[in-house]
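Me: Got a model open here. Can we walk through its pocket and its helix packing?

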Amino acid sequence: MRRLPLPICMMAGLLGAPAFVVSAILPVVAAPDAPRKDAPKETPRAPVTLDDLYARLKGAKDDAEARGVAQLIERRLDRSGSDTVDLLASRAAEAMQAKDYPLAVELLDRVTVLEPGWAEGWSRRATAFYLLEDQASALADLHKTLTLEPRHFEAWAALAHIYMASDDKARALAAFRRAEAIYPRMGKVHEAIERLAPDVDGRDL
């Protein structure tokens, strides 16, 4: 709450006093200067774009900064632009929490039909398929996600883990490297690359 310039009791006394008394007690406040017509106008700051956020993510100086920027990116990607789709996606998330993966897939089927250009819808359905142990469908949805948003670092990491599960180390390493190129400080990705690289690229003699 903003503090009043005078105590309330003093103001009450002044309100009942003659005008000349009030004017003698209260300080004279000068009228604000009118803005000069030739004064330069402030240029409105351009909104931060998704491209700006990805650039900040790549150049983050520490893990905390990187995590904060990554969360901002994820919030942007979470926006479908449709209230109906957002509701369906929310119900699908609830279904996955309840481990009702078939229902989650059914709800996300509708999401991908209504908003086929929303990368996050395909990514979420990939997660549901993976939890159903349907790796072929999960891979297909991850590839669709990355076609729509090639910088979706979570999708690259998920792709790498699926390739690892099928012992396709070369593709797993390539996917991990794509994730790291976008999000250099992404947790455990660098460790996975260091572990896989000798087997795929060959060990130094």
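Me: What volume does the largest pocket have?
Reply: About 310 Å³. Keep in mind that this is a predicted model.

Me: How many residues line the largest pocket, and which lie nearest its centre?
Reply: The lining has 19 residues. Nearest the centre are Ser123, Thr127, Glu154, Ala155 and Ala158.

Me: Which elements give two or more residues to that lining?
Reply: Four helices: α4 (63–77), α7 (119–131), α8 (135–148) and α9.

Me: Which one gives the most?
Reply: α7, with seven residues.

Me: And how do the lining residues divide by class?
Reply: Ten are nonpolar, four are polar and five are charged.

Me: On to packing. At what angle do α9 and α10 cross?
Reply: Roughly 160 degrees. α9 covers residues 153–165 and α10 covers residues 169–182. Their axes come within 8 Å.

Me: Parallel or antiparallel, then?
Reply: Roughly antiparallel, because the angle is over 145 degrees.

Me: Left-handed or right-handed crossing?
Reply: α9 passes α10 in a left-handed crossing.

Me: Which residues make the contact?
Reply: α9 brings Phe153, Trp156, Ala157, Leu159, Ala160, His161, Tyr163 and Met164. α10 answers with Arg171, Ala172, Ala175, Phe176, Arg178, Ala179 and Ile182.

Me: How many of those are charged?
Reply: Two. The contact of α9 with α10 also has twelve nonpolar residues and one polar residue.

Me: What about α10 against α11, what angle and how far apart?
Reply: They pack at about 140 degrees, with axes 9 Å apart. α11 spans residues 189–201. α10 passes α11 in a left-handed crossing.

Me: Which residues of α10 and α11 meet?
Reply: From α10, Lys169, Ala170, Ala172, Leu173, Phe176, Arg177 and Glu180. From α11, Val189, His190, Ala192, Ile193, Leu196, Ala197, Asp199, Val200 and Asp201.

Me: Switching to α5 and α6. How do their axes sit?
Reply: They are 8 Å apart, at an angle of about 160 degrees. α5 is residues 83–97 and α6 is residues 101–114. That angle makes α5 roughly antiparallel to α6. The crossing of α5 past α6 is left-handed.

Me: Which residues are in that contact?
Reply: In α5, Thr84, Val85, Leu88, Ala89, Arg91, Ala92, Ala95 and Met96. In α6, Tyr101, Leu103, Ala104, Leu107, Leu108, Arg110, Val111 and Leu114.

Technical notes. Residues are numbered from 1 along each chain as its sequence is written. This is a predicted model: local features need pLDDT of at least 70, side-chain atom pairs count only at pLDDT 80 or more; totals for chains, interfaces and linings use all residues. Side-chain values use heavy atoms; hydrogens and water are left out. Axes are lines fitted to C-alpha atoms, for helices over the stretch in contact, and angles run from 0 to 180 degrees between N-to-C directions. Angles under 35 degrees count as roughly parallel, over 145 as roughly antiparallel, 65 to 115 as roughly perpendicular and the rest as oblique. A crossing is left-handed if the near helix is turned anticlockwise from the far one by less than a right angle, and right-handed if clockwise. Contact means heavy atoms within 4.5 Å. Ala, Val, Leu, Ile, Met, Phe, Trp, Tyr, Cys and Pro count as nonpolar, Asp, Glu, Lys and Arg as charged, and the others, Gly among them, as polar. On a 1 Å grid over the protein atoms alone, a cavity is a set of points where a 1.4 Å probe fits but cannot get out, and a pocket is an open set with protein on both sides within 12 Å along at least five of seven lines; lining residues have an atom within 4 Å of a point. Grid points are joined across faces, edges and corners, and a volume is the space filled by probe spheres set on the points.
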